[in-house]
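Please walk through this protein with its sequence and its coordinates side by side.

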Amino acid sequence: MAVTSRPIALVELAKASLHSNMVRALLRTFVTRGIASAGSFVLVVIVGRVYGAVGVGVYALAQSLIMAVAVIGRWGMNGALVRFVGRDLRSPKVRAYVRYALVRAGVTSAAGMVVVFLLRGVLARLFDTPALGPFIAGVSLAIPPFVMAFILSGFMSAIRKPATACLLQNGAIAFVTVLLVLGMHALWPHQGIILVAIGYALAAWLVCAWGMWETSRWLRHQDLERVSITREDVAEFKRSSAAFFAMNVALFLLSVVGIWVAGYWLPTASVGLYKAAWQMSMLIGVILAVINLILPTRFADCFHRRDMVGLEQLARRGVLTALILGGVPLAMCLAFPQWTLSLAGDEFINAAWVLQILALGQLVNLACGSVGHMLNMTGHETTSSRIAWFSNITGLTMIVVGTPWIGVNAVAVGVATGMALRKVVGVYFVWRSLGIWMLPVPNILALSGVRSARFSST
């Protein structure tokens, strides 16, 4: 009995160690993400307090433009790095993968920066916002470092550094921008909102430089053999990147094109109201964002070892954690929307309905957990991409049709619908493809007779 119990004891000890490591990683990343989210939140509050809803609208339109170019610039390579690097950190190909992604992203984003700069006047006229042109001229300089920081974030997530990944994924940029804007506004109080654009560009370069240094330091300590990736490796990496890119474009339809539609049909101040409400609702979504920086590499590892039980346990643990930690900000946004929005200024309380609608979408987001990452890390990127396209085109259609008639509330309804639909459909396909039920309620699909590939033979 003693002989047979020893392996069992070692397995249990390994599981306990894994759980303990995940808890510590979750706590560290939660603190880091909280700081990063506070930066994004405070930046919107400062812009709202100093420049009003119109200023927030200008910032939202310019930032959405950067996000659009960033989607093209990184081409899904940050997600591919999580998958290819995360499955074997000791592989001599790790260095080659990250170098390939950075070079490709750097060239593409530099071209995007030039195009955006040249189109600044056209975009200002399109959205009937004269202040947008000079703002874009300054903030366009942030595009290359912003894109490369996302690539580095994917790499940091792959090497089990979720806190660093969180800061590189746009979080630290907002925080540093706040510090720079406060300093510049104290020195030059009459320069206007262009200070925000300059601060954002400077912050992006500083954060990117820090990410490069962290990446170089990790690679030096690993002492990995310098090898090149083969044509087959590059082709496989490109296929995975393309699948992630397609999914990112689908997500971009709501987060970016939705802002553009609002900017075309509505006054810039209304865009500012939506941006403030969205930033408040992200105080709910930040919980799952933290979890999504920790779980994907563990999903890939469990699936690589064919540990389906461990994979399901990780997924369900993530859902429960998200619901427990997200309960307080969710209640604040639903029960006290006007007070929450008043933090950005009294004129923002008119977006109370917008905040409540977005909060309901975030509730579904938390309750379904990391379904997209579950599909992506188990070889079902194409399915995940198709789900994202279907859900977000549905949401965008609601925005396009509804915004001219019911205003900014239509943008919130479309975004919340797209978010919720993507998660609910994802839950269905995770069950069908992997036999994993992620919701913290009885498996209604199994009870309804919906069979999964995992259990179809039993």
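The model is a predicted one, in which local features need pLDDT of at least 70 and side-chain atom pairs count only at pLDDT 80 or more, while totals for chains, interfaces and linings use all residues. Residues are numbered from 1 along each chain as its sequence is written, and side-chain values use heavy atoms, with hydrogens and water left out.

The protein has 17 helices and zero strands, where helices (H or I, at least four residues) and strands (E, at least two) are DSSP runs numbered from the N terminus. Of its 458 residues, 56% are buried; buried means under 20% relative accessible area, exposed over 50%, and partly exposed in between, with a 1.4 Å probe and protein chains only. Among contacts with a separation of 6 or more, 80% join residues 24 or more positions apart, a contact being heavy atoms within 4.5 Å.

Several residues show how the chain packs against itself. Not counting residues up to four places away in sequence, Phe-135 touches Val-58, Tyr-59, Ala-62, Ile-193, Ile-194, Val-196 and Ala-197. Ala-322, in helix α11 (residues 308–335), counts as buried at 0% relative accessibility, and beyond its neighbours up to four places away it touches Ile-287, Leu-288, Ile-291 and Leu-366.

Ser-153 belongs to helix α6 (residues 143–158) and has 1% relative accessibility, so it counts as buried. Gln-279, in helix α10 (residues 268–304), is buried with a relative accessible area of 12%, and its contacts, leaving aside neighbours within four places in sequence, are with Ser-40, Phe-41 and Val-44.

The count of salt bridges comes to three, a salt bridge being a side-chain nitrogen of Lys or Arg within 4 Å of a carboxyl oxygen of Asp or Glu. In one of them, Lys-93 pairs with Asp-233, the closest N and O atoms being 2.8 Å apart. Lys-93 lies in the loop between α2 (77–86) and α3 (94–118) and Asp-233 in helix α9 (residues 231–265), so the pair ties together parts that are 140 residues apart in sequence. Lys-93 is partly exposed at 27%, whereas Asp-233 is buried at 9%. Glu-214 and Arg-217, by contrast, both lie in helix α8 (residues 194–222), three residues apart, about one turn of the helix, and their closest N and O atoms are 3.1 Å apart.

On the surface, Val-328, Met-332, Phe-336, Trp-339 and Leu-343 form a nonpolar patch with about 500 Å² of accessible area together. Such patches are made of residues with over 30% relative accessible area and no salt bridge, like charges being joined within 9 Å and nonpolar side chains (Val, Leu, Ile, Met, Phe, Trp, Tyr) within 5 Å; the areas come from the Shrake-Rupley method with a 1.4 Å probe, and for residues only the protein chains shown count as cover. Trp-339 counts as exposed at 52% relative accessibility.
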